[in-house]
Amino acid sequence: KIATSSRKRATGRSAMADYPPKGLSSTLAELPEWIKAGCGDSEYICAERGATFPGDPCPAQLPDLKEHHNFMAEALKATPGLYDKLRTQKTASGVGLGKCIKTGIDNKSHPMIKTVGLVAGDEECFSTFKDLFDPVISARHGGYPPNATHPTDMNPGNLLPTKIDPDNKYVQTTRCRTGRSVRGFRLPPACTFEERRELERVIVKGLLSLTGPLAGEYFPLHGSRSYSPKPTGMTKEKEEELRGRGNLFQEPDSTLLLSSGCGRHWPDARGIFHNKEMNFFVWINEEDHMRIISMEVGDDVGAIFRRFAAALEGVEKVLRSEGFEFMRNDHLGYILTCPSNLGTGLRAGAMVKVPLISARKDFREICAKLGLQARGTAGVDSASTGGTWDLSNADRLGKSETHLVNIFTHGVSTIIQWEKRLEKGEDVSESIRGASEWARAKA
């Protein structure tokens, strides 16, 4: 049931023609038309970008998927008749199958760069469309079974004591990031203008109650008119500063995001909270209700995780006092928009400069053996700059938070040890052949 409080307390719809939901924000004026098409009130339809599938209702005929390679398309192709079985079903809040699969129909993906192709419009999607979500979740998370129980462990005392970079030479910054969704609200692909504003109100109230090193300030995106203490959002200069530091998300500039519905009413009721030390950030109403990030210069993942755990506990405590809680169940863990982030939703990562070991053609495969994902300096599938890589845990679901941080700690420290040996001219081939991720290594 969608929170009734959102209907009572949400700020009313703007009646202005130059602002959502009736119009587009003037802050989008310089963006290309194909992006603007996904930032208003309507479903994203853009023939130029191949985005033509209706989010609702589903057409009687499933489009031809023979050139599609995402997990969703593969699940539908593997089970003829599944689309017909699900296409007329809806959750209690009105989310249909089309809203969930539109991003995967509009974006074919590639056999070598496989996307999920499926999003949830609300928490109930995972049960209403279980016959589609279950095989996609299993395929994306290495065979995660439909009856499995997801563990949770936020106790910093269970972290490895290993220092990742004892010489303070290789790790530039380290961070922990996760997402959280507030039960009783639809998720970003399907939430309304009013729901998004109520989410902002509830979440910001919780964040502003944090004390000590977590205390900070909320900054709506430049041009947002949803937050009365800053009625036009943060300044353009503040927004550029945050983006220049890599602390703030961009407008939705891919058809994956636009087709998912996450760009609607941009930039209204989106923003960022950060503390005074600029090492704790919360993104509000981007791809998820919340993205929580704890980071700092250096390799002290223990301090980062303790700050991260304290913030999650503090925010949830305030939400509970308001009658809300995070979306979670025993099977899927914490519920987020994309099935790839289910479970912990946690990504422990570091920017690491290791030019010698990363010069190997099989570097990404080496990282995978250690349970890591290697990204370039500009994100997934981007290139490295000067041997610097963004290394993080690959898994999210089926392992606890501390388990994933330990995989990250073991994996990155191992890569740094190999880099040191290569600097001395040593051969690390035998060591690489015997490498494995932390859980197997400790056995």
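Contact here means heavy atoms within 4.5 Å. The structure is a predicted model, in which local features need pLDDT of at least 70, side-chain atom pairs count only at pLDDT 80 or more, and totals for chains, interfaces and linings use all residues. Residues are numbered from 1 along each chain as its sequence is written, and side-chain values use heavy atoms, with hydrogens and water left out. Helices (H or I, at least four residues) and strands (E, at least two) are DSSP runs, numbered from the N terminus. Residues are called buried under 20% relative accessible area, exposed over 50%, and partly exposed in between (1.4 Å probe, protein chains only).

- Gly-55 is located in the loop between helix H2 (33-36) and H3.
- With a relative accessibility of 3%, Gly-55 counts as buried.
- Leaving aside residues up to four places away in sequence, Gly-55 touches Glu-43, Gly-98, Lys-99 and Lys-102.
- Between the C-alpha atoms of Gly-55 and Pro-161, which are 106 residues apart along the chain, the separation is 48 Å.

- Helix H3 spans residues 71-78, and its buried residues include Phe-71, Met-72, Ala-73, Ala-75 and Leu-76.
- The cover over the buried residues of H3 includes helix H4 (82-86), helix H5 (97-106) and helix H7 (130-140).
- A polar contact is a pair of N or O atoms within 3.5 Å; within protein, one must be able to donate a hydrogen and the other to accept it, and residues adjacent in sequence count only if both atoms are side-chain atoms.
- Asn-70 caps the N-terminal end of H3, with a side-chain oxygen 3.3 Å from the backbone nitrogen of Met-72.
- The axes of H3 and H7 are 9 Å apart and the two helices pack at an angle of about 125°, which means that H3 is oblique to H7.
- For these values, axes are lines fitted to C-alpha atoms, for helices over the stretch in contact, and angles run from 0 to 180 degrees between N-to-C directions.
- Angles under 35 degrees count as roughly parallel, over 145 as roughly antiparallel, 65 to 115 as roughly perpendicular, and the rest as oblique.
- On the H3 side, Phe-71, Met-72, Ala-75 and Leu-76 meet Leu-132, Pro-135, Val-136, Ala-139 and Arg-140 of H7.

**Salt bridges**

- A salt bridge is a side-chain nitrogen of Lys or Arg within 4 Å of a carboxyl oxygen of Asp or Glu, and by this rule the count is 36.
- Side chains of opposite charge can pair when their charged atoms come close.
- Asp-390 and Arg-347 form a salt bridge at 2.7 Å, N to O.
- This pair links distant parts of the chain, 43 residues apart, with Asp-390 in strand E10 (residues 388-393) and Arg-347 in strand E8 (residues 347-353).
- Both Asp-390 and Arg-347 are buried.
- Glu-287 and Arg-291 are joined by a salt bridge at 3.7 Å, N to O; Glu-287 is partly exposed at 26% relative accessible area, whereas Arg-291 is buried at 7%.
- In the salt bridge of Asp-362 with Arg-360, the closest N and O atoms are 2.9 Å apart.
- One network, joined by salt bridges that share partners, contains Glu-123, Arg-183, Glu-316, Arg-320 and Glu-325.
- Asp-362 is partly exposed at 28% relative accessibility, and Arg-360 is partly exposed at 29%.

**Arginine side chains at backbone oxygens**

- Arg-186 lies in the loop between strand E1 (171-180) and helix H8 (193-208), and is buried with a relative accessible area of 15%.
- The Arg-186 side chain reaches the backbone oxygen of Ser-93 at 2.8 Å.
- Arg-243 belongs to helix H9 (residues 236-244), and its side chain reaches the backbone oxygen of Phe-249 at 2.9 Å.
- Beyond residues up to four places away in sequence, Arg-243 touches Leu-221, Leu-248, Phe-249, Gln-250 and Glu-251.

**Backbone geometry**

- Most residues other than glycine have a negative phi, and most peptide bonds are trans.
- The peptide bond from Pro-20 to Pro-21 is cis, with omega near 5°, and Pro-21 lies in the loop between helix H1 (5-9) and H2.
- Trp-266 and Pro-267 are joined by a cis peptide bond with omega about 5°; Pro-267 lies in the loop between helix H10 (255-260) and strand E3 (271-275).
- Ser-109, which is not a glycine, has a positive phi of about 70° and is partly exposed, with a relative accessible area of 25%.
- Asn-168 has a positive phi near 50°, lies in the loop between H7 and E1, and counts as exposed at 57% relative accessibility.
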